[in-house]
Amino acid sequence: MPIEQILLIASVLLLLAVMASKLSSWLGVPGLLLFLVLGMLAGSEGPGGIPFDDAQVAQALGVVALAYILFSGGLETDRTTARAVLAQGVSLATLGVLVTALAVGACARAVLGLEWLEAVLLGSIVSSTDAAAVFSVLRSKSISLKGNLKGLLELESASNDPMAIFLTVALIGLIMNPGTSVWGLIPMFFLQMTVGAVVGYGAGRGTIAALNRLRLDAEGLYPVLTLASVPLTYAVAALLQGSGFLAVYIAGIVVARGDFIQKRTILRFHDGIAWLMQIAMFLVLGLLVFPSRLAPVALAGLLLAAFLMFVARPAGVFLALAFSKMGTRQKTLISWVGLRGAAPIILSTFPLLARVPRAELYFNVVFFVVLTSVLLQGTTIPLVARWLKLEAPLSPRKEYPLEFVPTVKSRSEMIEVAIGPESRAAGRQIVDLHLPRTSLVVLVARDDDFIAPRGGTVVRNGDVLLVLTDKEEAAAVRAILDGGRSPQRQPPSGPYNEVK
């Protein structure tokens, strides 16, 4: 095929996927479903007629795409929320995945007549979740989740892939090498996770140091540097017998915590890369599947999907969170948000390349299970959250006409504070708030307008204030504006006291 034709097909598919993402918001279904359908329509059995059946290419692309998606997930992980739900997240990502794999394995043995190792391999492939699709649905319906549920689900979805990958690869090894001891998997697991965590932390610190010390001539080279650091981190961890996926996720968390040049630009860049990788991955996986081969496994796929959603996932969640303080409603919602996505389909290519017996059966069953999960769970999450009374309104994110780009050694930061009805700042002039001298209100967002504030500007309920402040004073500023401390008790030292 000429390169011009390849470029034409790739660009058209990419543009259609971008438009499909808008359609997914309107329909209230995860975008990954439309990406997969688009790939299937473009495939050899669809109107597009593109011949593609190379599982090795699909797996290689999937591994690279997952690495960048996990790194971007690490960059977006809220450190405060993650710390609050760390224990629950780790338990869901390890014990929860293991219980789910074993339960689905038991069902697969009964439904498909597989041997125990083969059945648990199938369970391991579908044991990880994809919460990114969940939150795209919630955003399309302007719904969020109460408490730390959102943070917990994000942490679980980003950290449970390494466990599912480990189980899949280990079980393939046991099947292809019958003399291998099962007990040898335990030290292998701890080795992979430990090496992955150490390499990820070191790579994150090294990336921050490189960004700050290289002094590159062109600003556009800084995102390129982080672009190269992701496959480097993954490859080093994998070559040292560690978990490359855990390494890139932890590297993303470490990088997000640091102060470095062009931070905001790099975060936006990797958000775009994550979307590109997600689209490319699902399109290729859609091309790889043959719809005609799904019909023979439809009944078994439906039974496994139902068992996974209503039995295996809840069992994994309730056992993993048995010692947490979460109530039944929260655990039930977490169980239902166990949406399956890209990782299971990518993992189903591993048996194909390893020439495991019945590998094609695994792939078709897993694809059917993922489609069923996305269709049923992905479209009903807002309804279930509302039924369990765990929904919360999603605050619209404002786009401001200014941007704060701190330097490496900057002691200042820009904070955003929403003025609620209980805030003591509501109804007061800015000069009367007595903010610290190192703090300055630089912009007031009111309804759909932006106001350049002066000392006499009256703060209203519903306003959002952008405040440039010293990092050490940020907590005090939030306390004053949120109503934690009375403004009258603050010393008159703010910059607005000179000019009213």
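Predicted model: local features only at pLDDT ≥ 70, side-chain atom pairs only at ≥ 80, totals over all residues.

Residues are numbered from 1 along each chain as its sequence is written, and side-chain values use heavy atoms, with hydrogens and water left out.

**Helix 2 with helix 13**

- Helices (H or I, at least four residues) and strands (E, at least two) are DSSP runs, numbered from the N terminus.
- Helix 2 and helix 13 make a right-handed crossing; a crossing is right-handed if the near helix is turned clockwise from the far one by less than a right angle, and left-handed if anticlockwise.
- Residues of helix 2 that meet helix 13 include Phe 35, Leu 36 and Met 40, and their partners in helix 13 include Trp 275, Phe 282 and Leu 283; contact means heavy atoms within 4.5 Å.
- This contact of helix 2 with helix 13 has 12 nonpolar, 3 polar and no charged residues; Ala, Val, Leu, Ile, Met, Phe, Trp, Tyr, Cys and Pro count as nonpolar, Asp, Glu, Lys and Arg as charged, and the others, Gly among them, as polar.

**Helix 11 with helix 13**

- Helix 11 (residues 221-239) and helix 13 have axes that come within 9 Å and cross at roughly 50°.
- Helix 11 and helix 13 are therefore oblique to each other, and the crossing is right-handed.
- Among the residues that meet are Tyr 222 and Leu 227 in helix 11, and Phe 269 and His 270 in helix 13.
- The contact of helix 11 with helix 13 divides into 7 nonpolar, 3 polar and no charged residues.

**Helix 6 with helix 18**

- Helix 6 (residues 116-125) and helix 18 (residues 359-387) pack at about 40°, with axes 10 Å apart.
- Helix 6 passes helix 18 in a right-handed crossing.
- Glu 118, Leu 121, Leu 122 and Ile 125 in helix 6 meet Tyr 362, Val 365 and Val 366 in helix 18.
- In this contact of helix 6 with helix 18, 6 residues are nonpolar, none is polar and 1 is charged.

**The largest cavity**

- Among the residues lining the largest cavity are Glu 156, Asn 160, Arg 313 and Arg 340.
- Helix 5 (86-112) and helix 14 (298-320) each supply at least two residues of this lining, and helix 5 gives the most, with 4 residues.
- The lining of the largest cavity has 3 nonpolar, 5 polar and 3 charged residues.
- On a 1 Å grid over the protein atoms alone, a cavity is a set of points where a 1.4 Å probe fits but cannot get out, and lining residues have an atom within 4 Å of a point.

How values were computed
Axes fitted to C-alpha atoms, helices over the stretch in contact; angles between N-to-C directions. 1 Å grid on protein atoms, 1.4 Å probe; cavity = no way out; pocket = protein on both sides within 12 Å on 5 of 7 lines; lining within 4 Å. Parallel < 35°, antiparallel > 145°, perpendicular 65-115°, else oblique.
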